[in-house]
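Work through the exercises below with the model open. Each task is followed by a solution in steps.

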Amino acid sequence: MISQFFVLSQRGDNIVFRDYRGEVPKGSAEIFFRKVKFWEDGGLEEAPPIFNVDGVNYFHVKVVGLLFVATTRVNTSPSYVLELLQRIARVIKDYLGILNEDSLRKNFVLVYELLDEVIDFGYVQTTSTELLKSYVFNEPLVVDAARMSPLGPAALFTQGTKRMPGIAVTKSVVATEPGGRKREEIFVDIIEKISITFSSSGYILTSEIDGTIQMKSYLSGNPEIRLALNDDLAIGRGQGPVYGYRSSTGSGAVVLDDCNFHESVRLDSFEVDRTLSLVPPDGEFPVMNYRMTQEFKPPFRINALIEEAGPHKAEVILKVRAEFASSITANTIKVQMPLPKYTNRVSFELDPGASGQTTDFKETNKRLEWNLKKIVGGCEHTLRAKLTFSQELHGNITKESGPVSMTFTVPMYNASRLQVKYLQIAKKFGTHEPYRWVRYVTQANSYVARI
């Protein structure tokens, strides 16, 4: 049961607010933002997704820089509320096309109409974009996609030899197209989040991929879709059938630990030829979620070294190498490394001719930051940092430093090698074939190298 729902900007501005039950104080949004901004409990740098203040439970998720928040006084399932917040964000994005502060402000009437249908007196009714079409009648005011941040979701897929149209992920599922014509197209995104821990000598200690196949259909008439995956795909690593599906050969080039499917997916021929059949509902939805712990080639190698250079000095050397093909470019790379607590000054040295790179020393939490705008496959970049300490170190300097963590986005690349072999549409569309877009993106979930 939800008492309140609201959406805040990164500055703390209240963009959307709905009080369903009147049980929580009206100033809860300000209390929440102040608590999140100045969080210090338990030694954590950021507030956890769930916390309690004065008997009020606050649940929040961050989506494209916006904070989606729910409050309640009752003891309810945390995973249920967090999933609800994610689904509300997805429904709003389906209707508005673009999910950002500008689109929410311009379409506040439509957003409130959606919220009143999704939640009634604190109880969830539906989060299905398709079902909501019968009850929501406002047309969205379309926001110009050109005004989006270059690091926004639409920019993830604008690389590679075949560029995706800028409108690809910024169209509403209900808005009327200019001129009355509808562009028939369907988008399938394979999104993978990688978790890896490297030892101090560079060996992989743990590795995991959490992946999802997302689909968004703009096809009229909701035709049946057939999605074919790798022929040698195997499900389950010898532990027996997972969700009732296991490779007939027992082994394959791509071995997933487990997976689950959207309710609309039919698996009649999945065991035979790895083909999924479905009638896609309106809006964006996950066709399949999967997890993989089989060994895979990491997209980046990180080498980190810290050595004493005197009683009050030390030197850090960080090297990042892209292990993928030169035709692929990673972007928005950030490398961070905690430094000894007595560090009071850091000077940086980059590769000669390095461009699009910035460095910083966060003195409040003694953290080194290295930002790279992009890295082309096969390239290696090095950062040298000279540390000055306020007092002489008496312990092991490597134990007081690190580990090194890294975040990144690599469009048109996936580490698991899971592929969409073909995408068939059952319906005939006359002279014009619908556009089919299959896109890949890999992101860091927890990418860590010990020193």
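**Exercise 1.** Find what joins the side chains of Glu101 and Arg11, and state which parts of the chain the pair ties together.

Solution. In this predicted model, the two side chains form a salt bridge, with 2.8 Å from N to O. Next, place the residues: Glu101 belongs to helix 3 (residues 101-106), and Arg11 to the loop between strand 1 (4-8) and strand 2 (14-19). The pair therefore ties together parts that are 90 residues apart in sequence. Exposed means over 50% relative accessible area, so Arg11, at 54%, counts as exposed.

**Exercise 2.** Classify Asp282 and Lys133 as buried, partly exposed or exposed, and locate both residues in the chain.

Solution. The side chains of Asp282 and Lys133 meet in a salt bridge of 3.0 Å, N to O. Asp282 sits in the loop between strand 15 (275-278) and strand 16, while Lys133 sits in the loop between helix 5 (129-132) and strand 8; they are 149 residues apart. Buried means under 20%, so Asp282, with 18%, is buried. Lys133, at 32% relative accessibility, is partly exposed.

**Exercise 3.** Which strands stand at the edges of the open sheet of 9 strands?

Solution. Write down the strand order: 13-16-9-8-26-24-19-22-21, with mixed pairing. From one strand to the next, the twist averages 15°. Within the sheet, strand 8 (residues 185-198) and strand 26 (residues 435-449) run parallel, joined by 14 bridges; Ile191 has Val441 in strand 26 as its bridge partner.

Technical notes. Residues are numbered from 1 along each chain as its sequence is written. This is a predicted model: local features need pLDDT of at least 70, side-chain atom pairs count only at pLDDT 80 or more; totals for chains, interfaces and linings use all residues. Side-chain values use heavy atoms; hydrogens and water are left out. Two strands pair if DSSP finds at least two bridges between them. Helices (H or I, at least four residues) and strands (E, at least two) are DSSP runs, numbered from the N terminus. Axes are lines fitted to C-alpha atoms, for helices over the stretch in contact, and angles run from 0 to 180 degrees between N-to-C directions. A salt bridge is a side-chain nitrogen of Lys or Arg within 4 Å of a carboxyl oxygen of Asp or Glu. Buried means under 20% relative accessible area, exposed over 50%, partly exposed in between (1.4 Å probe, protein chains only).
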